[in-house]
Amino acid sequence: MERIRVGLEERQVAIYLGAILIGALAGFSVPTVNALEAGVNPALAFMLFVTLLQVPLGEFGVALRNVRFLGALLVTNFVVMPLLTAILVQFLPDDPM
């Protein structure tokens, strides 16, 4: 089982790119996208679950005590990203379609 995990981790980027390509091909090949809509939420949940399996929960308490890490995380999520979004929204067209 450990060999499988290591092999998947080594090929993680290629697997993600392949999944994106397969998803794009499936999306373009289906005449009505609504046919695939039911699978979006389960697929996202599965990808999130698999990604979070790699997070070592034993070190979660240590991460919460790291003030610099939490500060950078909070500033990035609640200051930098909203500002960047506000700046980039100015370049969107007035009529989305």
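Helices (H or I, at least four residues) and strands (E, at least two) are taken here as DSSP runs and numbered from the N terminus. The exercises concern a predicted model, in which local features need pLDDT of at least 70, side-chain atom pairs count only at pLDDT 80 or more, and totals for chains, interfaces and linings use all residues. Residues are numbered from 1 along each chain as its sequence is written, and side-chain values use heavy atoms, with hydrogens and water left out.

**Exercise 1.** Determine the secondary structure of the chain and why the chain is more spread out than a compact globule.

*Solution.* The chain contains six helices and zero strands, and reading along the sequence gives the pattern α-α-α-α-α-α. The radius of gyration, taken over C-alpha atoms, is to be set against the globule rule, 2.2 Å times the number of residues to the power 0.38. For 97 residues that rule gives 13 Å, whereas the chain has 19 Å, well over that value, so the chain is more spread out than a compact globule. Along the principal axes, the C-alpha atoms fill a box of roughly 50 × 45 × 20 Å.

**Exercise 2.** State what share of the 97 residues is buried, and classify A26 as buried, partly exposed or exposed.

*Solution.* Buried means under 20% relative accessible area, exposed means over 50%, and partly exposed lies in between (1.4 Å probe, protein chains only). Buried residues make up 1% of the 97 residues. A26, which lies in helix α2, has a relative accessible area of 28% and is therefore partly exposed. A26 and F78 are 52 residues apart in sequence, and their C-alpha atoms are 35 Å apart in space.

**Exercise 3.** Work out how far apart the mean positions of the positive and negative charges of the chain are.

*Solution.* Lys and Arg count as positive and Asp and Glu as negative, while His and the chain ends are not counted. Each charge is placed at NZ of Lys, CZ of Arg, CG of Asp or CD of Glu. With 5 positive and 7 negative charges in the chain, the two mean positions are 17 Å apart.
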